[in-house]
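This report examines one protein chain for a reader who is new to structural description. Please look at the sequence and the structure below before reading on.

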Amino acid sequence: MLGRSNTAWVIVFGLLSCSRAAMVITLGDSYAAGDGAHAWQKHYDDPYCYVEDDTNPGGKYASTRGLKHIVAACSGDLINETVAQWDDLQLRYADEATDLWEGSVIIVTTGGNSLKSIRGDDFVAGLIRCLAVPRCYEDAENQVANYDAVQTELELFYSQLAIQANGATVRVIGYPKVFNSNRFRCSIPGITVREADFFDNIVIGMNDRIIAAIDAVKSIFSDFDVRFVDVTKYYTNGACSPLKSRQVRNLNVRFPRSSFHPTQNGYEKSYEALLDTMIG
């Protein structure tokens, strides 16, 4: 027969063996995946979704804590596709799902690809248009048409996480200003300071809707550990800045898909912002 001390060890071992492993999950679009960290497609861990697994914020957070990092994010994904990423993880990691992802960290950036102008352009198409058409900010057709709809989609998704991942720490990383003009000039041919500000104001509007969606969900699920990660104060040099100080890529003709996405230096700033929300 087992003595009392042996019995205690069996109980502890049984609890440990039944516990689920905490992990870090990265969901969302290109800004979550790490698009822009490399100038060449072949250097990405996943060259289809442009994933940089190790040095995006989730990868760095996981590696410094000895945790597994799962990247479901994919460049170009909309909010509904981010929801599909999460639904797939719920099926693949049934034990963690049963435990409401207790102890795990979920990092999300999504929503930017779902914005549409009155004309019907998404953010990228609108940017391309402004590169070709002067004073694009004056055309009412180029204004964002669906902020309200995007916010509603985000509220539904965050509510789903509040129910299905209530044991996790969720951090929603916002978008940096793409151009961050120095007020006098932008070094990108075809982009004036006014045009740079026009697109950066769209980013600010997107971040405001993310914050509003989080606040709405927190008002219902008050115990849900979700916070917005504001990176705009950390990114000081956008695509308009000189090459060596740039934290967001300029036009990359060698690999256009990475254009106007954070450089690796930019993702380091996102990681700093993330860490500051994990303390206190």
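## Helix H9

Helix H9 spans residues 264–277, and its 14 residues reach 20 Å from the first C-alpha to the last, close to the 20 Å expected at 1.5 Å a residue. The expected span of a helix is 1.5 Å times one less than its number of residues. Helices (H or I, at least four residues) and strands (E, at least two) are DSSP runs, numbered from the N terminus. The model is a predicted one, in which local features need pLDDT of at least 70 and side-chain atom pairs count only at pLDDT 80 or more, while totals for chains, interfaces and linings use all residues. Residues are numbered from 1 along each chain as its sequence is written, and side-chain values use heavy atoms, with hydrogens and water left out.

Which residues of H9 are buried? They are Gly266, Tyr267, Ser270, Tyr271, Ala273, Leu274 and Thr277. These residues lie on the same side of H9, because they cover an arc of only 160 degrees around the axis. The arc is that of the directions from the helix axis to the C-beta atoms. Buried means under 20% relative accessible area, exposed over 50%, and partly exposed in between (1.4 Å probe, protein chains only). An α-helix has 3.6 residues a turn, so residues three or four places apart point the same way. The cover over the buried residues of H9 includes helix H2 (30–33), helix H3 (57–63), strand E3 (105–109), strand E4 (169–173) and strand E5 (226–229). Such cover is judged by contact, meaning heavy atoms within 4.5 Å.

## Helix H4

Helix H4, residues 79–92, has 14 residues and reaches 20 Å from its first C-alpha to its last, close to the 20 Å expected at 1.5 Å a residue. Its buried residues are Ile79, Thr82, Val83, Gln85, Trp86, Leu89 and Gln90. They cover an arc of only 150 degrees around the axis, which puts them on the same side of H4. Among the elements that cover the buried residues of H4 are strand E1 (23–28), strand E2 (68–71), H5, E3 and H7.

## The largest pocket

The largest pocket has a volume of about 590 Å³. Of the 29 residues that line this pocket, the closest to its centre are Asn113, Phe123, Val124, Ser259 and His261. The elements that give two or more residues to its lining are H2, H6 and helix H8 (193–220), and H6 gives the most, with five residues.

By class, the lining of the largest pocket divides into 18 nonpolar, eight polar and three charged residues. Ala, Val, Leu, Ile, Met, Phe, Trp, Tyr, Cys and Pro count as nonpolar, Asp, Glu, Lys and Arg as charged, and the others, Gly among them, as polar. On a 1 Å grid over the protein atoms alone, a cavity is a set of points where a 1.4 Å probe fits but cannot get out, and a pocket is an open set with protein on both sides within 12 Å along at least five of seven lines; lining residues have an atom within 4 Å of a point. Grid points are joined across faces, edges and corners, and a volume is the space filled by probe spheres set on the points.

## Two cavities

The structure holds two cavities of 30 Å³ or more. The largest cavity contains about 130 Å³ of space. Of its 14 lining residues, Ser117, Asp122, Gly126, Asn142 and Ile202 are the closest to its centre. H6 and H8 are the elements that give two or more residues to this lining, which has eight nonpolar, three polar and three charged residues.

The second largest cavity has a volume of about 90 Å³. Of the 14 residues that line it, the closest to its centre are Tyr31, Thr109, Ile173, Tyr267 and Ser270. H2, H3, E3 and H9 each give two or more residues to its lining, which divides into nine nonpolar, five polar and no charged residues.

## Residues in loops

Most residues other than glycine have a negative phi. Leucine 100 has a positive phi of about 55 degrees although it is not a glycine. It lies in the loop between helix H5 (94–98) and E3, and it is partly exposed, with a relative accessible area of 34%. Arginine 135 also has a positive phi, of about 55 degrees. This arginine 135 lies in the loop between helix H6 (123–132) and helix H7 (147–164), and its relative accessible area of 48% makes it partly exposed.
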